[in-house]
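Here are a few notes to read alongside the model.

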Amino acid sequence: VRKLSAFVKLAWPMIEPGRALVWNWHLDAICEHLEAITKGEINKLVINIPPGHSKTSIVTICWPLWEWVLDPTKRIICASYSDDLAREAAKKRLTILQSEWYRGLVEIAHGPDAWRLKHSTQKQAETNRTGFLMATSVEGQATGRHADRVIVDDPLKAQDIYTIRLEKHVSWFNETMRTRVTDVSSAAFVVVQQRLHEADLSGELVKDPEWCHLCLSSEFDPEGYDRGRDDDPDPPNGTRIGWRDPRTEEGEPLFPARFPKAHLEHEKGPFGLGPIAFSAQHNQR
C-alpha cells in the first residue's frame, strides 16, 4: 500500500468494526501531511481539528503501522490524554498487527520472513528489527526509551483549562517528550488536538516557525488562521508543503456529511457548546 489513505481505508474495518468509513477531503489532508513526515519533508507537525473527525484512527493508529510496513526499525512513542485511551489505541494497533492482511502487506513490501512481531503487551509492541511502538499517557512514563517518532494525541481535556494541568501539559511536552528522540536531525513530532485555550500546547507550538500547522476548522474563514508569526512559512488556509484548504465560501463546513451546517449552528447556541467553546473546539480559535 503506497498511500497512507489507502492503508486507512483497508484497515478501517478492524479499527471500527460495523461502523462505515465516511471519507472526506480533510482525511486526505491529514494523510498528506503525515506522508510528508515519512518522506522527510517536515519533522514537526501540529494538526488542529474538531472532535469526532477520525484523527486518532489515522494519526495514532494507522500512520505508525503504515510506517512499519515501510521500515520495521522505526521506534515510535504514542501519547494520549489518559492511560485508558493509550491502551485502547494500542489494542487496535495490535489487532491490525496480528492480522493476516497486515502480514501480507509486510511480505509484499519486504518478502517472506523479512520481519515479524517479536513481542507485544497491552502498551508496547516490538519487531525483530529493533522497532517498537510504545503507548503512554500525558505526564506518563517514557523514561529510558528514545524514538524516531513522538505522537501526542489530544493532550488536554476541556475541563483542564481551569486547572494546573493546562500549564503542566506544556511543561511535560517541553521537558520530557522533546528529549525522547533517537536523533534530533531525523526524528519527528506530531501533535494533534482541538484548541481549548490560547496557552494550550498547540497554541504554544505554532508560534515557532519550525512547526508546520495544519488547521482544519469546522467553518471556513477566508482570512485564515493568524499564528502570530512575522515570517510565517504556512500561508493563510494552507501549509508549507503546498496544501491548500479547498473551501472558498465563508462558513463552509469542514465535514458536511457528518457535521452539517444546521448542526454547527445549533452547537454555537445555548443548547450546544456555546459560542466561546465552539470557537475553540470547532473553529480552532
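**Notes on the predicted model**

1. L264 is placed in helix α8 (residues 261-268); helices (H or I, at least four residues) and strands (E, at least two) are DSSP runs, numbered from the N terminus. This is a predicted model, where local features need pLDDT of at least 70, side-chain atom pairs count only at pLDDT 80 or more, and totals for chains, interfaces and linings use all residues. Residues are numbered from 1 along each chain as its sequence is written, and side-chain values use heavy atoms, with hydrogens and water left out.

2. L264 has 1% relative accessibility and so counts as buried (buried means under 20% relative accessible area, exposed over 50%, partly exposed in between, with a 1.4 Å probe and protein chains only). Leaving aside residues up to four places away in sequence, L264 touches S218, E219, P253, F259, F278 and H282, where contact means heavy atoms within 4.5 Å. One of these, P253, is 11 residues from L264 in sequence, and their C-alpha atoms are 8.2 Å apart.

3. Now to the rings. Nine aromatic pairs turn up in a search of the whole structure (rings of Phe, Tyr and Trp, the last by its six-membered ring, pair if their centres lie within 6.5 Å; planes under 30 degrees apart count as stacked, over 60 as edge-to-face and the rest as tilted). F7 and W101 make a tilted pair, because their planes stand at 45° with the ring centres 5.2 Å apart. F7 belongs to helix α1 (residues 4-15) and W101 to helix α5 (residues 100-110), so this pair ties together parts that are 94 residues apart in sequence. F7 is buried at 0% relative accessibility, whereas W101 is partly exposed at 24%.

4. F189 and W211 form a tilted pair, with 6.3 Å centre to centre and 45° between the planes. F189 lies in strand β7 (residues 188-193) and W211 in the loop between α7 (201-205) and β8 (212-215), so parts 22 residues apart in sequence are tied together. Both F189 and W211 are buried.

5. F7 and W101 also belong to one aromatic cluster with W68, Y102 and W115. R103 lies over the face of W115, 5.7 Å from the ring centre; a charge sits over a ring if NZ of Lys or CZ of Arg is within 6 Å of the ring centre and within 35 degrees of the ring normal. Likewise, R145 has its charged end over the ring of F132, 4.0 Å from the centre.
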